[in-house]
Amino acid sequence: MKLVIAMLMDGVIYASWLFIIAAGLTLIYGVMRILNMAHGSFYAIGAYSGASLVGFYLAGGYPPWGAYLMLLGAAIVSGALVGILIERGLLRIMYGRDEVVMILVTYAILLILEDVIKLIWGVDAYFAYQPYTLLGRTKMAGISFANYDIALIFVAASICFLLWWGLNRTRQGKLLQAVIHDRDTAAFLGINVTKMFSITFVIGAVLGALAGSLTAPGISVMPGIGVEVIILAFAVVVIGGLGSVGGALMGALIVGLARSAAVHLYPEAELFVIYGVMGLVLAFRPQGLFAIATARKI
Amino acid sequence: MRNSTLLVLGAGVAVMAAGMVMPGWLTFLLTLALAKGLVVMGLLLLMKAGLVSFGQGLYYCLGAYCVGVAGDYLETQNALFLMLIAVVVCVALAAVIGLLLCRYRDIFFAMFSMAFSMILYGVLVKSSAFGSSDGFNVKPPLLFGWTPTGEPGPLMAYGLAVTAVTVVGIFVWNYLRSPMGYAGEAVRENEIRVEYLGSSVRRIIYIKYLLAAAMAGLGGGITALAAGHIDPEMAYWTTSGEFVFIALMGGTGHVAGPVIGAVLFELIRTYAFQISPYTWQMILGIALLAIILYLPKGVWSLVERFTKEKTS
């Protein structure tokens, strides 16, 4: 019983973390048809800026609760900044190319950003554990969980709700759905597709950075974290179906629970199980669980 | 055709002879580059059919581990025999995975092949028998009972790499001019029409996938012998990304593209690393962007442009 609860909780916590990363990735793909490898770098940039800002803030002796605002602020500012720079400066001139070429373009951006991060923050690890320990721990059925992790579940749930509400219940969201459905017709009907692209990319980048800055208190922030994360996010997004936010949620839950089951029962299979599940899902649903059907060219 | 085959053979012999007088570091660099070129030649076959595999690292790594493990357990160090094992094992695995992968296109093919290479990575990282994430050292190889020691050691791997690239290069060149080779481009253009013409798209892709796996396994095996050390990083997605990078850099228009691309890639990386150890990735990234923007058909298109001007 204890094991089951631990497994479920760990799984859901891991899933919420995965969802925050994958949501941005799938949103960008859904609207722009770009599978953004640089998303891992957004994550890393968010983590670094969150960790260093919290460090500055706490060193100044301000009230510790403000550190959470710092995390949020760091994510929004750094994500938006990097997002705008990349979209306006580089991706804009690449639109209309093949999807696979776009993967390589974002791969190049990933390589560049990895070194930019090293130039700005150096190669030493950053720690910002204060926000993590500040919230304390809760005992649940005899197992102790960090409250910060539990809060992460609520953050992920609110992001999920906000995305759903924004896409389905606002005018801008409806326009965006039109772009997702058929870019050419949407442009033809007078929707400013270019503007939609910019806004979507910035939102996606901020989500990636947010995932990074929220994770920063729980890990040591060091070079290479982005490269590890992007591949996990791909697995999640592909399981759920590229471009679907609901799919990302399902994918995150499946991967999260499968991984935590593996960690508790058979730790050797931790990495294997994630891609094993992905392979299994793709074998039966080649386009992922929630993908929209596309017509074939004749 | 006879002439061009002779030309390639001559070039192979010349490159091999040049190895005798080259400095050691260049021989080593070229060996690794040629091994990667082999992998990318396989990738070229797939890319001609419109399929980009982000998981050739799977066979690259598997080939290397086959050589390493077989060298340890079978008590044999015969380089050619080890290569054969690597290729056979890779083709056997590809025969199973290929059945599944043949159903996928575009981004899904890329992602799914990447997933398989990450599975191998995950397994290897956790298997302590093979040194987990550190990998292990490969015994120095023999060639027909001859043990190259000291100076000739790296030369043997170099010779193997040059021979393999020459033989495989001639094969791929001829293959691309066979009906099966042309079918690849037809598949990329329009699958349904290919089916109407009476060919099986699945079979075309399946065979290309097997060939690509064999070449990647060969490349991995040569890398293992040349470097003397293997680790799971060879199956990590960044390695596979490198192969796609090289393919794009060299261009997919000609068999020589991957080889030129691989040599160029290794040179850029070595020099970038030497000039600025902290920003070598950035230099690679910028080079990639520049190629996508200004040379979408790769470095080989420069050669083509040059020869066309000459003939016209």
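Axes here are lines fitted to C-alpha atoms, for helices over the stretch in contact, and angles run from 0 to 180 degrees between N-to-C directions. Helices (H or I, at least four residues) are DSSP runs, numbered from the N terminus.

This is a predicted model, in which local features need pLDDT of at least 70, side-chain atom pairs count only at pLDDT 80 or more, and totals for chains, interfaces and linings use all residues. Residues are numbered from 1 along each chain as its sequence is written, and chains are lettered from A in the order in which they are written.

In chain A, the axes of helix α1 (residues 2–32) and helix α11 (residues 245–265) come within 6 Å and cross at roughly 145°. The crossing of α1(A) with α11(A) is right-handed (the near helix is turned clockwise from the far one by less than a right angle).

Chains A and B also touch: 35 residues of chain A and 34 residues of chain B take part (two residues are in contact if their C-beta atoms, placed from the backbone, lie within 7 Å). On the side of chain B that touches chain A, α5(B) gives the most, with 13 residues.

A:Ala235 is in contact with A:Val255, A:Ile274, A:Tyr275, A:Met278 and B:Ala115, leaving aside its neighbours within four places in sequence.

Definitions and conventions: Helix = DSSP H or I, 4+ residues; strand = E, 2+ residues; numbered from the N terminus.
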